[in-house]
Amino acid sequence: MKADAVIKAVYEKVLARNPGETEFHQAVKEVLDSLGPVLEKHPEYIEANILERIVEPERQLMFRVPWQDDKGNFRVNRGFRFEFNSALGPYKGGLRLHPTVCASILKFLGFEQVFKNSLTTLPMGGGKGGSDFDPKGKSDNEVMRFCQSFMTELCRHIGPDTDVPAGDIGTGGREIGFMFGQYKRIRNEFTGILTGKALNWGGSLIRPEATGYGCVYFAEEMLKTRGDSFKGKICTVSGSGNVAQYTVEKLNQLGAKAVTLSDSGGTIHDPAGIDAEKLAFVMELKNVKRGRIKEYADKYGVEYLEGKRPWGIKCDCAFPSATQNEIDENDAKTLLKNGCILVSEGANMPSTPEAADQFVSNKILYGPAKAANAGGVATSGLEMSQNSQRLSWTREEVDERLHNIMISIHRQCYDAAEEYGMPGNLVAGANIAGFVKIADSMLDQGLV
Ligand code: NDP
(Lines give C-alpha, C1' and ligand atoms only; values in the text may rest on other atoms or scores of the structure.)
Protein backbone atom coordinates (compact mmCIF):
# COMPACT_ATOMS: atom_id res chain seq x y z
CA MET A 1 0.00 0.00 0.00
CA LYS A 2 1.13 3.59 -0.65
CA ALA A 3 1.99 5.83 2.31
CA ASP A 4 -1.11 8.02 1.96
CA ALA A 5 -3.42 5.02 1.81
CA VAL A 6 -1.77 3.50 4.90
CA ILE A 7 -2.22 6.72 6.83
CA LYS A 8 -5.85 7.00 5.81
CA ALA A 9 -6.59 3.38 6.74
CA VAL A 10 -4.93 3.70 10.14
CA TYR A 11 -6.76 6.92 10.91
CA GLU A 12 -10.10 5.37 9.95
CA LYS A 13 -9.39 2.46 12.29
CA VAL A 14 -8.59 4.90 15.09
CA LEU A 15 -11.95 6.61 14.53
CA ALA A 16 -13.81 3.30 14.52
CA ARG A 17 -12.01 1.82 17.53
CA ASN A 18 -12.18 4.93 19.70
CA PRO A 19 -15.64 6.37 19.04
CA GLY A 20 -16.34 9.85 20.37
CA GLU A 21 -12.77 10.42 21.53
CA THR A 22 -12.34 13.66 19.64
CA GLU A 23 -9.21 14.93 21.39
CA PHE A 24 -7.47 11.62 20.76
CA HIS A 25 -8.52 11.68 17.10
CA GLN A 26 -7.16 15.23 16.80
CA ALA A 27 -3.76 14.34 18.29
CA VAL A 28 -3.40 11.23 16.12
CA LYS A 29 -4.38 13.06 12.94
CA GLU A 30 -1.88 15.82 13.56
CA VAL A 31 0.95 13.29 13.81
CA LEU A 32 -0.18 11.02 10.96
CA ASP A 33 -0.55 14.00 8.62
CA SER A 34 3.21 14.64 8.95
CA LEU A 35 4.38 11.10 8.30
CA GLY A 36 3.76 10.57 4.56
CA PRO A 37 7.32 11.44 3.47
CA VAL A 38 8.77 9.28 6.25
CA LEU A 39 6.81 6.20 5.20
CA GLU A 40 7.82 6.74 1.59
CA LYS A 41 11.46 6.77 2.61
CA HIS A 42 11.09 3.85 5.03
CA PRO A 43 8.83 1.13 3.58
CA GLU A 44 9.95 -1.10 6.45
CA TYR A 45 7.69 0.92 8.76
CA ILE A 46 4.71 0.09 6.54
CA GLU A 47 5.69 -3.57 6.36
CA ALA A 48 5.89 -3.86 10.15
CA ASN A 49 2.57 -2.01 10.52
CA ILE A 50 4.24 0.46 12.88
CA LEU A 51 1.49 3.08 12.53
CA GLU A 52 -1.31 0.83 13.65
CA ARG A 53 0.79 -0.39 16.56
CA ILE A 54 1.84 3.08 17.67
CA VAL A 55 -1.73 4.44 17.91
CA GLU A 56 -2.84 1.64 20.25
CA PRO A 57 -1.81 2.02 23.93
CA GLU A 58 0.17 -0.95 25.24
CA ARG A 59 -2.05 -1.04 28.33
CA GLN A 60 -5.14 0.86 29.51
CA LEU A 61 -6.08 0.93 33.17
CA MET A 62 -9.31 2.29 34.56
CA PHE A 63 -10.34 1.99 38.19
CA ARG A 64 -12.69 3.15 40.94
CA VAL A 65 -11.35 5.71 43.41
CA PRO A 66 -13.58 5.81 46.52
CA TRP A 67 -12.86 8.46 49.15
CA GLN A 68 -14.62 10.27 51.98
CA ASP A 69 -15.23 14.03 52.09
CA ASP A 70 -15.02 16.18 55.23
CA LYS A 71 -18.75 15.78 55.90
CA GLY A 72 -18.39 12.00 55.96
CA ASN A 73 -20.04 11.42 52.55
CA PHE A 74 -18.70 8.57 50.45
CA ARG A 75 -17.55 9.83 47.06
CA VAL A 76 -16.42 8.00 43.95
CA ASN A 77 -14.16 9.16 41.13
CA ARG A 78 -12.67 7.36 38.18
CA GLY A 79 -8.92 6.78 37.93
CA PHE A 80 -6.95 6.07 34.75
CA ARG A 81 -3.49 5.24 33.53
CA PHE A 82 -2.70 4.81 29.85
CA GLU A 83 0.65 3.10 29.41
CA PHE A 84 1.09 4.05 25.81
CA ASN A 85 4.50 3.04 24.54
CA SER A 86 7.61 1.65 26.22
CA ALA A 87 9.90 1.32 23.20
CA LEU A 88 12.34 3.90 24.60
CA GLY A 89 12.07 3.30 28.35
CA PRO A 90 9.64 3.07 31.27
CA TYR A 91 6.31 4.81 30.71
CA LYS A 92 6.60 8.43 31.75
CA GLY A 93 3.99 11.19 31.83
CA GLY A 94 1.83 13.18 34.21
CA LEU A 95 -1.34 12.65 36.19
CA ARG A 96 -4.11 15.15 35.47
CA LEU A 97 -6.76 15.88 38.11
CA HIS A 98 -9.57 17.85 36.51
CA PRO A 99 -13.33 17.31 36.13
CA THR A 100 -12.97 17.08 32.33
CA VAL A 101 -10.59 14.11 32.52
CA CYS A 102 -11.78 11.15 30.44
CA ALA A 103 -10.24 8.45 28.23
CA SER A 104 -10.11 10.74 25.18
CA ILE A 105 -8.15 13.48 26.91
CA LEU A 106 -5.69 11.11 28.56
CA LYS A 107 -5.16 9.15 25.36
CA PHE A 108 -4.39 12.32 23.43
CA LEU A 109 -1.97 13.34 26.16
CA GLY A 110 -0.39 9.88 26.36
CA PHE A 111 0.03 9.70 22.59
CA GLU A 112 1.66 13.14 22.47
CA GLN A 113 3.87 12.18 25.38
CA VAL A 114 5.39 9.27 23.46
CA PHE A 115 6.76 11.64 20.79
CA LYS A 116 7.72 14.34 23.26
CA ASN A 117 9.73 11.95 25.36
CA SER A 118 11.46 10.66 22.27
CA LEU A 119 12.54 14.22 21.41
CA THR A 120 14.15 14.73 24.82
CA THR A 121 16.77 12.08 23.89
CA LEU A 122 16.31 10.57 27.38
CA PRO A 123 15.29 6.92 27.84
CA MET A 124 11.58 7.36 28.54
CA GLY A 125 8.47 5.77 27.06
CA GLY A 126 5.15 7.59 27.16
CA GLY A 127 2.07 7.39 29.35
CA LYS A 128 -0.55 9.58 31.00
CA GLY A 129 -3.11 9.20 33.73
CA GLY A 130 -5.30 11.01 36.18
CA SER A 131 -8.83 11.30 37.42
CA ASP A 132 -12.00 13.35 37.02
CA PHE A 133 -11.50 14.46 40.65
CA ASP A 134 -11.43 18.26 41.03
CA PRO A 135 -8.97 19.43 43.71
CA LYS A 136 -10.40 22.95 43.44
CA GLY A 137 -12.48 23.84 46.47
CA LYS A 138 -11.45 20.69 48.39
CA SER A 139 -9.71 20.83 51.77
CA ASP A 140 -6.15 19.52 52.13
CA ASN A 141 -7.55 16.52 53.99
CA GLU A 142 -9.99 15.71 51.23
CA VAL A 143 -7.23 15.97 48.64
CA MET A 144 -5.07 13.69 50.78
CA ARG A 145 -7.79 11.07 51.15
CA PHE A 146 -8.40 11.10 47.42
CA CYS A 147 -4.68 10.85 46.59
CA GLN A 148 -4.23 7.96 49.01
CA SER A 149 -7.14 6.06 47.52
CA PHE A 150 -5.93 6.78 43.97
CA MET A 151 -2.43 5.50 44.76
CA THR A 152 -3.76 2.43 46.59
CA GLU A 153 -4.80 1.11 43.19
CA LEU A 154 -2.17 2.79 40.99
CA CYS A 155 0.73 1.42 43.03
CA ARG A 156 0.21 -2.05 41.55
CA HIS A 157 0.97 -0.76 38.09
CA ILE A 158 3.89 1.64 38.49
CA GLY A 159 7.53 1.35 39.58
CA PRO A 160 10.90 3.02 39.00
CA ASP A 161 11.63 0.74 36.02
CA THR A 162 8.04 0.32 34.86
CA ASP A 163 6.05 3.52 34.90
CA VAL A 164 6.95 6.82 36.59
CA PRO A 165 4.07 9.35 36.69
CA ALA A 166 4.46 13.08 37.38
CA GLY A 167 2.30 16.18 37.85
CA ASP A 168 -0.01 17.89 35.36
CA ILE A 169 -3.08 20.11 35.68
CA GLY A 170 -4.36 19.82 39.25
CA THR A 171 -1.44 17.65 40.38
CA GLY A 172 1.22 19.82 41.98
CA GLY A 173 3.70 19.32 44.81
CA ARG A 174 0.97 18.73 47.39
CA GLU A 175 -0.69 15.91 45.46
CA ILE A 176 2.63 14.28 44.48
CA GLY A 177 3.57 14.28 48.18
CA PHE A 178 0.36 12.56 49.29
CA MET A 179 0.65 9.97 46.52
CA PHE A 180 4.32 9.28 47.22
CA GLY A 181 3.60 8.81 50.94
CA GLN A 182 0.89 6.27 50.21
CA TYR A 183 3.06 4.30 47.77
CA LYS A 184 5.86 4.11 50.34
CA ARG A 185 3.46 2.94 53.01
CA ILE A 186 1.93 0.17 50.91
CA ARG A 187 5.08 -1.08 49.19
CA ASN A 188 7.56 -0.42 51.99
CA GLU A 189 10.07 1.03 49.56
CA PHE A 190 11.51 4.47 48.99
CA THR A 191 12.07 4.62 45.25
CA GLY A 192 11.69 7.14 42.47
CA ILE A 193 8.18 6.17 41.41
CA LEU A 194 7.01 9.74 40.87
CA THR A 195 8.75 12.89 39.69
CA GLY A 196 7.98 16.42 40.78
CA LYS A 197 8.86 15.43 44.35
CA ALA A 198 9.93 18.01 46.93
CA LEU A 199 13.64 18.58 47.35
CA ASN A 200 13.88 17.03 50.82
CA TRP A 201 12.75 13.62 49.60
CA GLY A 202 14.22 13.03 46.18
CA GLY A 203 13.03 15.93 44.05
CA SER A 204 15.20 17.78 41.58
CA LEU A 205 16.09 21.44 41.60
CA ILE A 206 14.56 23.23 38.58
CA ARG A 207 11.80 20.60 38.10
CA PRO A 208 9.07 23.11 39.09
CA GLU A 209 10.55 25.69 36.72
CA ALA A 210 11.35 23.28 33.90
CA THR A 211 8.31 23.38 31.62
CA GLY A 212 8.02 27.16 31.63
CA TYR A 213 11.76 27.77 31.38
CA GLY A 214 12.08 25.13 28.67
CA CYS A 215 9.27 26.65 26.64
CA VAL A 216 11.02 30.02 26.69
CA TYR A 217 14.41 28.46 25.86
CA PHE A 218 12.76 26.76 22.88
CA ALA A 219 11.25 30.08 21.78
CA GLU A 220 14.65 31.73 22.12
CA GLU A 221 16.10 29.16 19.71
CA MET A 222 13.30 29.91 17.24
CA LEU A 223 14.00 33.65 17.50
CA LYS A 224 17.71 33.04 16.90
CA THR A 225 16.97 31.45 13.52
CA ARG A 226 15.76 34.90 12.46
CA GLY A 227 18.56 36.77 14.19
CA ASP A 228 16.14 38.02 16.84
CA SER A 229 15.94 37.93 20.66
CA PHE A 230 13.48 38.53 23.50
CA LYS A 231 14.74 42.04 24.24
CA GLY A 232 11.69 44.30 24.52
CA LYS A 233 9.20 41.72 23.23
CA ILE A 234 5.62 42.00 24.53
CA CYS A 235 4.37 38.54 25.47
CA THR A 236 0.93 37.19 26.30
CA VAL A 237 0.74 34.14 28.57
CA SER A 238 -2.41 32.16 29.38
CA GLY A 239 -3.01 30.14 32.54
CA SER A 240 -1.55 31.06 35.90
CA GLY A 241 -0.42 27.66 37.14
CA ASN A 242 2.97 26.01 37.16
CA VAL A 243 3.81 26.41 33.48
CA ALA A 244 2.54 29.99 33.15
CA GLN A 245 4.35 31.18 36.30
CA TYR A 246 7.80 30.02 35.25
CA THR A 247 7.25 31.12 31.67
CA VAL A 248 6.76 34.65 32.99
CA GLU A 249 9.83 34.34 35.24
CA LYS A 250 12.12 33.31 32.38
CA LEU A 251 10.65 35.91 29.99
CA ASN A 252 11.46 38.60 32.56
CA GLN A 253 15.02 37.26 32.92
CA LEU A 254 15.53 37.43 29.14
CA GLY A 255 14.34 41.02 28.81
CA ALA A 256 10.80 40.42 27.52
CA LYS A 257 7.64 41.83 29.07
CA ALA A 258 4.81 39.43 29.99
CA VAL A 259 1.53 41.32 30.13
CA THR A 260 -1.20 38.72 30.73
CA LEU A 261 -2.13 35.73 32.85
CA SER A 262 -5.47 33.93 33.05
CA ASP A 263 -7.49 31.19 34.68
CA SER A 264 -10.82 29.61 33.88
CA GLY A 265 -12.53 32.78 35.16
CA GLY A 266 -10.80 35.33 32.91
CA THR A 267 -7.65 37.22 31.97
CA ILE A 268 -5.67 40.02 33.61
CA HIS A 269 -3.92 42.55 31.37
CA ASP A 270 -1.03 44.45 32.92
CA PRO A 271 0.60 46.64 30.24
CA ALA A 272 3.39 47.64 32.65
CA GLY A 273 4.48 44.00 32.82
CA ILE A 274 4.22 41.24 35.41
CA ASP A 275 7.54 41.88 37.14
CA ALA A 276 9.22 39.71 39.77
CA GLU A 277 7.31 41.25 42.67
CA LYS A 278 3.92 40.84 40.99
CA LEU A 279 4.85 37.30 40.00
CA ALA A 280 5.62 36.50 43.64
CA PHE A 281 2.08 37.69 44.44
CA VAL A 282 0.68 35.35 41.75
CA MET A 283 2.65 32.39 43.10
CA GLU A 284 1.37 32.98 46.63
CA LEU A 285 -2.16 33.52 45.31
CA LYS A 286 -2.21 30.38 43.17
CA ASN A 287 0.06 27.93 44.97
CA VAL A 288 -0.75 28.73 48.59
CA LYS A 289 -4.04 30.61 48.86
CA ARG A 290 -5.47 28.84 45.80
CA GLY A 291 -7.33 32.03 44.80
CA ARG A 292 -8.52 33.45 41.47
CA ILE A 293 -6.46 35.57 39.07
CA LYS A 294 -9.04 38.36 39.31
CA GLU A 295 -7.46 39.22 42.68
CA TYR A 296 -4.36 40.39 40.74
CA ALA A 297 -6.50 42.96 38.92
CA ASP A 298 -8.02 44.10 42.21
CA LYS A 299 -4.59 44.45 43.85
CA TYR A 300 -2.72 46.19 41.03
CA GLY A 301 -5.64 48.09 39.50
CA VAL A 302 -5.30 46.58 36.04
CA GLU A 303 -7.92 45.44 33.55
CA TYR A 304 -9.72 42.11 34.13
CA LEU A 305 -11.35 40.51 31.11
CA GLU A 306 -14.05 38.31 32.59
CA GLY A 307 -14.50 35.00 30.78
CA LYS A 308 -11.92 35.98 28.14
CA ARG A 309 -8.65 34.45 26.98
CA PRO A 310 -5.59 36.64 26.33
CA TRP A 311 -5.41 36.29 22.54
CA GLY A 312 -7.12 39.58 21.71
CA ILE A 313 -4.29 41.54 23.32
CA LYS A 314 -1.58 42.82 21.00
CA CYS A 315 1.69 40.97 21.44
CA ASP A 316 4.90 39.92 19.72
CA CYS A 317 4.95 36.43 21.22
CA ALA A 318 2.22 34.21 22.68
CA PHE A 319 2.66 31.44 25.26
CA PRO A 320 -0.50 29.36 25.66
CA SER A 321 0.04 27.66 29.03
CA ALA A 322 -3.42 26.63 30.27
CA THR A 323 -5.12 23.77 28.43
CA GLN A 324 -5.99 22.03 25.15
CA ASN A 325 -7.74 23.86 22.30
CA GLU A 326 -7.50 27.25 24.00
CA ILE A 327 -6.54 29.00 20.72
CA ASP A 328 -9.11 28.59 17.96
CA GLU A 329 -8.92 29.75 14.36
CA ASN A 330 -10.33 33.20 15.14
CA ASP A 331 -7.88 33.66 18.02
CA ALA A 332 -5.05 32.66 15.69
CA LYS A 333 -6.19 35.15 13.06
CA THR A 334 -6.41 37.88 15.70
CA LEU A 335 -2.90 37.10 16.94
CA LEU A 336 -1.54 37.26 13.39
CA LYS A 337 -3.43 40.47 12.59
CA ASN A 338 -1.95 42.07 15.70
CA GLY A 339 1.59 41.26 14.56
CA CYS A 340 2.38 38.18 16.65
CA ILE A 341 5.57 36.58 15.29
CA LEU A 342 5.97 33.63 17.64
CA VAL A 343 3.79 31.06 19.42
CA SER A 344 5.47 28.62 21.80
CA GLU A 345 3.13 26.05 23.33
CA GLY A 346 3.55 25.44 27.07
CA ALA A 347 0.19 23.68 27.33
CA ASN A 348 -0.50 20.41 25.51
CA MET A 349 -2.30 20.81 22.15
CA PRO A 350 -3.48 24.36 22.98
CA SER A 351 -4.10 25.23 19.32
CA THR A 352 -6.98 23.71 17.37
CA PRO A 353 -5.94 22.17 14.02
CA GLU A 354 -7.32 25.25 12.20
CA ALA A 355 -5.32 27.59 14.46
CA ALA A 356 -2.15 25.55 13.96
CA ASP A 357 -2.72 25.71 10.17
CA GLN A 358 -2.87 29.50 10.42
CA PHE A 359 0.48 29.63 12.21
CA VAL A 360 2.17 27.18 9.84
CA SER A 361 0.83 28.68 6.62
CA ASN A 362 1.71 32.21 7.71
CA LYS A 363 5.22 30.98 8.52
CA ILE A 364 5.49 32.54 11.95
CA LEU A 365 7.81 30.93 14.48
CA TYR A 366 5.59 28.17 15.84
CA GLY A 367 6.82 25.74 18.50
CA PRO A 368 4.35 22.84 18.88
CA ALA A 369 3.72 21.52 22.37
CA LYS A 370 5.44 18.19 22.04
CA ALA A 371 8.69 20.04 21.38
CA ALA A 372 8.26 23.36 23.18
CA ASN A 373 6.99 22.00 26.50
CA ALA A 374 9.23 18.92 26.65
CA GLY A 375 11.47 20.61 29.25
CA GLY A 376 9.18 19.42 32.05
CA VAL A 377 9.43 15.75 31.25
CA ALA A 378 13.11 16.12 30.35
CA THR A 379 13.81 17.42 33.83
CA SER A 380 11.68 14.62 35.24
CA GLY A 381 14.09 12.34 33.39
CA LEU A 382 16.95 14.14 35.12
CA GLU A 383 15.16 13.65 38.45
CA MET A 384 14.99 9.90 37.71
CA SER A 385 18.72 9.84 36.96
CA GLN A 386 19.52 11.59 40.24
CA ASN A 387 17.23 9.17 42.15
CA SER A 388 18.95 6.16 40.57
CA GLN A 389 22.35 7.50 41.55
CA ARG A 390 21.14 8.72 44.97
CA LEU A 391 22.67 12.10 44.10
CA SER A 392 21.42 15.67 43.78
CA TRP A 393 22.75 17.98 41.13
CA THR A 394 23.02 21.74 41.65
CA ARG A 395 20.51 24.22 40.31
CA GLU A 396 23.02 25.45 37.73
CA GLU A 397 23.81 21.92 36.60
CA VAL A 398 20.16 20.96 36.06
CA ASP A 399 19.34 24.27 34.39
CA GLU A 400 22.26 23.89 32.01
CA ARG A 401 21.22 20.35 31.10
CA LEU A 402 17.63 21.54 30.55
CA HIS A 403 18.82 24.39 28.37
CA ASN A 404 20.99 22.07 26.28
CA ILE A 405 18.13 19.59 25.89
CA MET A 406 15.83 22.36 24.61
CA ILE A 407 18.50 23.51 22.15
CA SER A 408 18.86 19.91 20.98
CA ILE A 409 15.09 19.42 20.63
CA HIS A 410 14.86 22.56 18.52
CA ARG A 411 17.76 21.39 16.39
CA GLN A 412 16.19 17.94 15.82
CA CYS A 413 12.85 19.46 14.77
CA TYR A 414 14.50 22.04 12.55
CA ASP A 415 16.75 19.48 10.86
CA ALA A 416 13.98 16.91 10.34
CA ALA A 417 11.78 19.59 8.75
CA GLU A 418 14.64 20.49 6.38
CA GLU A 419 15.45 16.87 5.59
CA TYR A 420 11.87 16.04 4.65
CA GLY A 421 11.38 19.15 2.53
CA MET A 422 9.33 21.31 4.90
CA PRO A 423 11.88 23.87 6.08
CA GLY A 424 10.82 25.88 9.12
CA ASN A 425 7.77 23.68 9.79
CA LEU A 426 8.53 22.56 13.34
CA VAL A 427 5.17 20.77 13.66
CA ALA A 428 6.21 18.32 10.97
CA GLY A 429 9.80 18.34 12.24
CA ALA A 430 8.77 17.40 15.80
CA ASN A 431 6.44 14.64 14.65
CA ILE A 432 9.01 13.15 12.28
CA ALA A 433 12.03 13.35 14.59
CA GLY A 434 10.03 11.91 17.49
CA PHE A 435 8.50 9.15 15.36
CA VAL A 436 11.63 7.83 13.65
CA LYS A 437 13.37 7.02 16.92
CA ILE A 438 10.34 5.16 18.29
CA ALA A 439 9.67 3.31 15.05
CA ASP A 440 13.28 2.14 14.79
CA SER A 441 13.23 0.97 18.42
CA MET A 442 9.97 -0.91 17.86
CA LEU A 443 11.52 -2.63 14.84
CA ASP A 444 14.56 -3.58 16.91
CA GLN A 445 12.39 -5.08 19.65
CA GLY A 446 10.33 -7.34 17.38
CA LEU A 447 6.57 -7.67 17.36
CA VAL A 448 5.70 -5.87 20.62
P1 NDP B 1 -1.80 23.97 36.68
O2 NDP B 1 -2.91 23.15 37.25
O3 NDP B 1 -0.68 24.38 37.54
O4 NDP B 1 -2.41 25.28 36.00
C5 NDP B 1 -3.36 25.19 34.98
C6 NDP B 1 -3.81 26.59 34.63
O7 NDP B 1 -4.60 26.53 33.45
C8 NDP B 1 -4.66 27.23 35.70
O9 NDP B 1 -4.48 28.61 35.67
C10 NDP B 1 -6.08 26.86 35.24
O11 NDP B 1 -7.08 27.75 35.69
C12 NDP B 1 -5.94 26.95 33.75
N13 NDP B 1 -6.91 26.04 33.12
C14 NDP B 1 -6.96 24.70 33.26
N15 NDP B 1 -8.00 24.20 32.56
C16 NDP B 1 -8.59 25.27 31.99
C17 NDP B 1 -9.71 25.41 31.14
N18 NDP B 1 -10.42 24.34 30.73
N19 NDP B 1 -10.03 26.67 30.72
C20 NDP B 1 -9.31 27.75 31.12
N21 NDP B 1 -8.24 27.67 31.93
C22 NDP B 1 -7.89 26.45 32.35
O23 NDP B 1 -1.28 23.11 35.42
P24 NDP B 1 0.10 23.22 34.65
O25 NDP B 1 0.56 24.63 34.62
O26 NDP B 1 0.98 22.16 35.17
O27 NDP B 1 -0.34 22.76 33.18
C28 NDP B 1 -0.79 23.69 32.19
C29 NDP B 1 -0.67 23.03 30.81
O30 NDP B 1 0.70 22.67 30.58
C31 NDP B 1 -1.46 21.74 30.62
O32 NDP B 1 -1.88 21.64 29.28
C33 NDP B 1 -0.43 20.66 30.90
O34 NDP B 1 -0.76 19.43 30.29
C35 NDP B 1 0.80 21.30 30.25
N36 NDP B 1 2.07 20.76 30.68
C37 NDP B 1 2.45 20.78 32.00
C38 NDP B 1 3.67 20.29 32.38
C39 NDP B 1 4.16 20.40 33.77
O40 NDP B 1 5.34 20.11 34.00
N41 NDP B 1 3.37 20.84 34.72
C42 NDP B 1 4.57 19.64 31.40
C43 NDP B 1 4.13 19.75 30.04
C44 NDP B 1 2.91 20.27 29.72
P45 NDP B 1 -8.13 27.24 36.82
O46 NDP B 1 -7.32 27.16 38.07
O47 NDP B 1 -9.19 28.28 36.84
O48 NDP B 1 -8.64 25.90 36.36
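**Briefing: aromatic pairs, ligand shell and selected residues**

Asp331 is found in helix α13 (residues 329–337); helices (H or I, at least four residues) and strands (E, at least two) are DSSP runs, numbered from the N terminus. The model is predicted, so local features need pLDDT of at least 70 and side-chain atom pairs count only at pLDDT 80 or more, while totals for chains, interfaces and linings use all residues. Residues are numbered from 1 along each chain as its sequence is written, and side-chain values use heavy atoms, with hydrogens and water left out.

**Asp331**

- Asp331 counts as buried at 15% relative accessibility; buried means under 20% relative accessible area, exposed over 50%, and partly exposed in between (1.4 Å probe, protein chains only).
- The side chain of Asp331 makes a polar contact with the side chain of Arg309 at 3.5 Å. A polar contact is a pair of N or O atoms within 3.5 Å; within protein, one must be able to donate a hydrogen and the other to accept it, and residues adjacent in sequence count only if both atoms are side-chain atoms.
- Leaving aside residues up to four places away in sequence, Asp331 touches Arg309, Trp311 and Glu326, where contact means heavy atoms within 4.5 Å.

**Aromatic pairs and charges over rings**

- Rings of Phe, Tyr and Trp (its six-membered ring) pair if their centres lie within 6.5 Å; planes under 30 degrees apart count as stacked, over 60 as edge-to-face and the rest as tilted. The count by this rule is 19 aromatic pairs.
- Phe63 and Phe150 form a tilted aromatic pair, with 5.5 Å from centre to centre and 40° between the planes. This pair links distant parts of the chain, with Phe63 in strand β1 (residues 59–68) and Phe150 in helix α7 (residues 140–154), 87 residues apart. Both Phe63 and Phe150 are buried.
- Phe180 and Phe190 form an edge-to-face pair, at 5.1 Å centre to centre and 75° between the planes. Because Phe180 lies in helix α8 (residues 173–187) and Phe190 in the loop between α8 and α9 (207–224), the pair ties together parts that are 10 residues apart in sequence.
- Phe180 is buried, with a relative accessible area of 3%, whereas Phe190 is partly exposed at 45% relative accessibility.
- A cluster of Phe63, Trp67, Phe133, Phe146 and Phe150 is linked by ring pairs.
- Lys41 lies over the face of Tyr420, 4.9 Å from the ring centre, and Arg401 lies over the face of Trp393, 3.9 Å from the ring centre. A charge sits over a ring if NZ of Lys or CZ of Arg is within 6 Å of the ring centre and within 35 degrees of the ring normal.

**Ligand shell**

- The ligand is surrounded by 24 residues, and the closest are Asp168, Thr211, Ser264, Arg292 and Asn348; a residue is near a molecule if one of its heavy atoms lies within 4 Å of it.
- At least two residues of this shell are supplied by each of α9, α10 (242–253) and β8 (260–263).
- A polar side-chain atom of Arg96 lies 2.9 Å from an oxygen atom of the ligand. A backbone N or O atom of Gly170 lies 3.1 Å from a ligand oxygen atom, and a polar backbone atom of Ser240 is 3.0 Å from an oxygen atom of the ligand.
- The ligand taken alone exposes 890 Å², of which the protein buries 82%. Accessible areas come from the Shrake-Rupley method with a 1.4 Å probe; for residues, only the protein chains shown count as cover.

**Ser262**

- Ser262 is placed in strand β8 and counts as buried at 5% relative accessibility.
- The side chain of Ser262 reaches the backbone nitrogen of Gly239 at 2.7 Å.
- Not counting residues up to four places away in sequence, Ser262 touches Val237, Ser238, Gly239, Ser240, Thr267, Ile293 and Pro310.

**Loop residues**

- Asn73 lies in the loop between β1 and β2 (74–85) and counts as partly exposed at 40% relative accessibility. With residues up to four places away in sequence not counted, Asn73 touches Trp67 and Gln68.
- Ile206, in the loop between α8 and α9, is a residue other than glycine with a positive phi near 75°. Ile206 is buried, with a relative accessible area of 2%.
- Met349 is found in the loop between β12 (342–344) and α14 (353–361). Although not a glycine, Met349 has a positive phi of about 50°, and Met349 counts as buried at 5% relative accessibility.
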